[in-house]
Amino acid sequence: MEGPQGPHNPRSVEEVFKDFRGRRAGMIKALTTDVEKFFQQCDPEKENLCLYGLPNENWEVALPAEEVPPELPEPALGINFARDGMQEKDWLSLVAVHSDAWLLAVAFYFGARFGFDKNDRKRLFQMINDLPTIFEVVTGIAKKQARDKSAAIPISSSKSKSIGKMQPQQSEAQTKGSKMVPPPKDEDDSIGEDDDEQGATLCGACGDNYGNDEFWICCDVCERWFHGKCVKITPARAEHIKQYKCPACSNKRARV
């Protein structure tokens with residue numbers, strides 16, 4: 001299978017879900033951390049362009065496949081034409097919605113092609129549905145939903161869980177600043193509420209939850225947390241950053 005989407009033929013439910021996650025991560029990257037590059041590539045003067053998420057967690061803006069019918073379902077055509085005709089955040093949200101629809105189309109295309117039965121399709125959908133949609137990540141809805149969900153967890157159980165999750169991450173680097181790992185913000189009466197929010201922290205780039213073995217960094221402008229790997233920041237590099245600005249905030253200031 002050739003073209004922008006590359007040769008790829010996942011056959012099991014797990015393989016299709018892995019393909020889905022990789023393509024999803026790439027498209028989220030295009031609409032968040034790589035948004036300036038994505039914006040520039042969607043030139044309205046060019047022909048009909050599509051945003052492709054690739055299985056290796058990368059993305060590409062390219063012309064649609066020439067063969068008819070295409071080897072895989074095609075994403076929304078002509079996303080570049082609307083770029084300058086609406087607010088940037090609204091345009092990105094529109095692209096995100098179409099990207100969600102395309103990801104589902106690709107996943108269930110594989111399911112149909114390789115004979116998934118009712119239970120396989122149900123399991124695949126449940127695995128996909130456990131992840132926030134691209135639209136929810138791009139618009140910030142996913143973060144709000146996670147906070148609302150965590151607020152329903154009893155304080156005692158949430159507090160013990162989140163504190164236990166943070167302690168293995170503490171290091172000398174963490175004591176020097178709060179950028180490294182999502183920490184408890186306050187103590188005493190407010191600790192339960194903050195721990196609940198912390199337990200629901202989502203990466204501002206890929207939308208995935210916090211993991212106790214991952215390095216994170218917080219943007220000092222928008223106050224969103226990011227996996228270090230998603231924004232290409234290592235713990236060693238973070239040691240020397242006095243004020244961190246995520247790619248989206250840096251690009252906004254550059255355009256101003």
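Predicted model: local features only at pLDDT ≥ 70, side-chain atom pairs only at ≥ 80, totals over all residues.
Helix axes here are lines fitted to C-alpha atoms over the stretch in contact, and angles run from 0 to 180 degrees between N-to-C directions.

**H1 and H4**

H1 and H4 lie with their axes 10 Å apart, at an angle of about 30°. Angles under 35 degrees count as roughly parallel, so H1 is roughly parallel to H4. The crossing of H1 past H4 is right-handed. On the H1 side, the contact is built from Val 13, Glu 14, Val 16, Phe 17 and Phe 20, and H4 supplies Asp 120, Arg 123, Leu 124, Met 127 and Ile 128. By class, the contact of H1 with H4 has seven nonpolar, no polar and three charged residues.

**H1 and H3**

Which way does H1 run relative to H3? The two helices, H1 (residues 13-31) and H3 (residues 88-113), pack at about 165° with axes 10 Å apart, which makes H1 roughly antiparallel to H3. H1 passes H3 in a right-handed crossing. From H1, the residues that meet H3 are Val 16, Asp 19, Phe 20, Arg 23, Arg 24, Met 27 and Leu 31. Their partners in H3 include Leu 92, Val 95, Ser 99, Trp 102 and Phe 110. The contact of H1 with H3 divides into 13 nonpolar, one polar and three charged residues.

**H3 and H4**

The axes of H3 and H4 cross at roughly 150° and come within 11 Å, so H3 is roughly antiparallel to H4. The crossing of H3 past H4 is right-handed. Here Leu 104, Ala 107 and Phe 108 of H3 meet Arg 121, Leu 124, Phe 125 and Ile 128 of H4. This contact of H3 with H4 holds six nonpolar residues, no polar ones and one charged.

| Pair | Angle | Axes |
|---|---|---|
| H1 and H4 | about 30° | 10 Å apart |
| H1 and H3 | about 165° | 10 Å apart |
| H3 and H4 | roughly 150° | within 11 Å |

**The helices themselves**

H3 has 26 residues and spans 37 Å from its first C-alpha to its last, close to the expected 38 Å. Just after H3, Gly 115 takes a positive phi of about 70°. H4 (residues 118-129) has 12 residues and reaches 16 Å between its first and last C-alpha, close to the 16 Å expected. At the start of H4, a side-chain oxygen of Asp 117 comes to within 3.2 Å of the backbone nitrogen of Asn 119.

Note on methods:
Residues numbered from 1 in each chain as written. Heavy atoms only, no water. Helix = DSSP H or I, 4+ residues; strand = E, 2+ residues; numbered from the N terminus. Expected span 1.5 Å × (residues − 1). Polar contact = N/O pair within 3.5 Å; in protein donor to acceptor, adjacent residues only side chain to side chain. Parallel < 35°, antiparallel > 145°, perpendicular 65-115°, else oblique. Left-handed = near helix turned anticlockwise from the far one by under 90°. Contact = heavy atoms within 4.5 Å. Nonpolar A, V, L, I, M, F, W, Y, C, P; charged D, E, K, R; others polar.
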